[in-house]
Amino acid sequence: MYAVRSCFATAAAVVPLFVVVAVGRWSAADAAVCCDSSAVAGGVASCPNGNRTFYAVETFGGATCGDNRTAVPVRKCCPPDRPYDPEVRFCGGPAPVSGGGDDYRQRMMRRLRDGFRAAADAAAVGYDYEPPRCGAAHVLVDVPAGEVAGLMGEADRSAAGMLPPGYCFDLTPSEELVARTCRPRDQYCDRGGRYTCVNKCCKGDRMIVAEGGCKKSETPFALSAYDTDADGRPAGLSGRTVLPYYARLRCVQRDIVVGGFALTADGSLYRAADGATLPAADYCVEYYAAAAAAGQPATVRPEAFVCASAAAAADTRASWKYFVMLVGFVPSIVCLALTLLVYATLSGLRNVHGYYVMCYVACLLLSFVCLLAIQWTQDSMERQWCELFGYFTLFAFLTTFCWLNVICFDIYWMLRYNNSINKNTSISVRTIIYHIYCWGLSSICVSTGYLFQHSHHETLLKLAPDIGIHNCWFSDNTNTGNIIFFILPVSVMLSVNLILFVLTAIHCSRIKSELNKFKRTDSKTQRFLVDKEKFVMSIKLFLVMGIPWTFEILSKILQNDWFIWHILDEINALQGVMIFIIFVAKRKVITSLRKKFRGSMDHSESTKMNTISGSSQSSCAHKNYNDF
């Protein structure tokens, strides 16, 4: 079996379809197109009406585009010029009419007017062309004709212009009105029913492509289910309709099932190579567009996918690893936020060194928030947003390591070259350089990785980080892009930090021996003690962030599932707590906080007393004036 990329569907935004039909007999001459963005590349809805946006807006029955009429929400199941074919449960080809999509849209309006009289008094129409999105516990089904008639009655009894929510409507090739909606999976997929539900790898009408991910498909999802014999082997077609649903397969890497497969009537997967039967939660099926040979069209075939043996679902929300990670990240985020708050509150900490610490803590806080959000939301996140969010997380982490690098270098610089003639100018110049280094290096790495991933050059694609392909972060620890754009720069910065600490420690030892030799107690000694305290704090910071990340990198390279790596992962997740202990949970900082809040309370009390005293004196003055 060979690994393939998991799919993250990239869907256009779903907005309501608005239908308004004129009073009286409707004709095509009454229709006026106010806006039509349905043909725009990418399918972006950009026709405004009130506080909503549509794909197209039309008026009817003598209404004009300047009337700004409120529209009635209705959703069309298929693109504007295509009917829905219930035989294959897919949108058919363009409607065979002489007027093309416009004529089909007019016939659609006539049928909706005839069926839903509640919309007859309205005067504008807008469109969306996508069925409802169903969750993992639901399947998209065609509503029976009798129920569609019932929906028409319900719409007539409802408020004027309102149609049943949660449905899409369309015409069949035979001009029948059809409705589709989401229904609970357990009601449709029982063993004795007419349907077999299977997990589809991509959302909606999309399929997996060889380049990775899911793209729009023009192939109906038409698979068959088989009855089984006593040994669990396929024995013949069951005659049941296969209904797809989407539930993300809980693993990072997937393998294609080789040797053939068959879907059984109860929703299991029969693997022909070894005769094994996999439950519904352990596989997904999808049409797969293989890479086209030179001069040949791409072949599309149904494939089954299972979790790769080395990448079983170990990092999902139901696993103990996810719970342990959550226990570490949440306290870290809280402690990092408190550290920023303390540094912003105490003026004594807002020196140059404190400013660099605040930049570092802010970037680390942002990194942890993004990483936690990825773990929590990536199952429901669209691929394009998943990719952008992943690259932003990479930017935040790289910037964090850059600011740690700055802190280490600045301590070394201050101890080694503290005799600057114009110290303020030197600090300002260094700070500007630090900003350029941190934001610039991170931006270059992230933008280069993004360009590599979207390049058409085969060599650059092999070097791409592949963020957003399997999940919203690096999917493969041994991926070349992971090494180039994350492991390598982080390793270099950690190595530089270690060298800087060694050089700084040697210099501190030499200065300390000189001061002890001459027993000096002047300002130079005091300055050295202050810088030494910063250096010790930086060593603690490096140990907190450097050592766990070093082992994290080693675990990615060695690819061993040792239990010690999980312990170090938890230590890594608790960095925020340890940083709070290093920078805030100190006697000096706690004393300053007490003085700060006690001073604020004393000042408030003093102001209150002065106000009372002033009021008393004012009363006395007035009294004396009156007596006089």
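Is Asp466 buried or exposed? Some notes for a first look at this structure.

1. Before anything else: this is a predicted model, where local features need pLDDT of at least 70, side-chain atom pairs count only at pLDDT 80 or more, and totals for chains, interfaces and linings use all residues. Residues are numbered from 1 along each chain as its sequence is written, and side-chain values use heavy atoms, with hydrogens and water left out.

2. Back to Asp466: it counts as buried, at 13% relative accessibility (buried means under 20% relative accessible area, exposed over 50%, partly exposed in between, with a 1.4 Å probe and protein chains only). Asp466 sits in the loop between helix H8 (458–462) and H9 (helices are DSSP runs of H or I with at least four residues, strands are runs of E with at least two, both numbered from the N terminus). Its phi is near 60°, a positive value in a residue other than glycine.

3. Arg89 also deserves a look. Its phi is near 55°, positive in a residue other than glycine, and its place is the loop between strand S7 (84–85) and strand S8 (90–91). Arg89 counts as buried, at 18% relative accessibility.

4. Now the inside. The largest nonpolar core has 52 residues, and Tyr360, Leu394, Phe397, Trp403 and Phe486 touch the most other members (such a core is a set of buried Ala, Val, Leu, Ile, Met, Phe, Trp, Tyr and Cys residues joined through side-chain atoms within 4.5 Å). Several helices each supply at least two residues of this core, including H9 and helix H13 (587–627). H6 gives the most, with 12 residues. Apart from this core lies another, of 23 residues, with Ala56, Phe60, Tyr104 and Leu112 among them.

5. There are 15 salt bridges (a side-chain nitrogen of Lys or Arg within 4 Å of a carboxyl oxygen of Asp or Glu). In one of them, the side chains of Asp170 and Lys76 meet at 2.9 Å, N to O. Asp170 lies in strand S11 (residues 167–171) and Lys76 in strand S6 (residues 75–76), so the pair ties together parts that are 94 residues apart in sequence. Asp170 is buried at 0% relative accessibility, and Lys76 is buried at 1%.

6. Arg206 and Glu130 are buried, whereas Asp205 is partly exposed, with a relative accessible area of 27%. Glu130, Arg133, Asp205, Arg206 and Lys216 are linked in a network of salt bridges.
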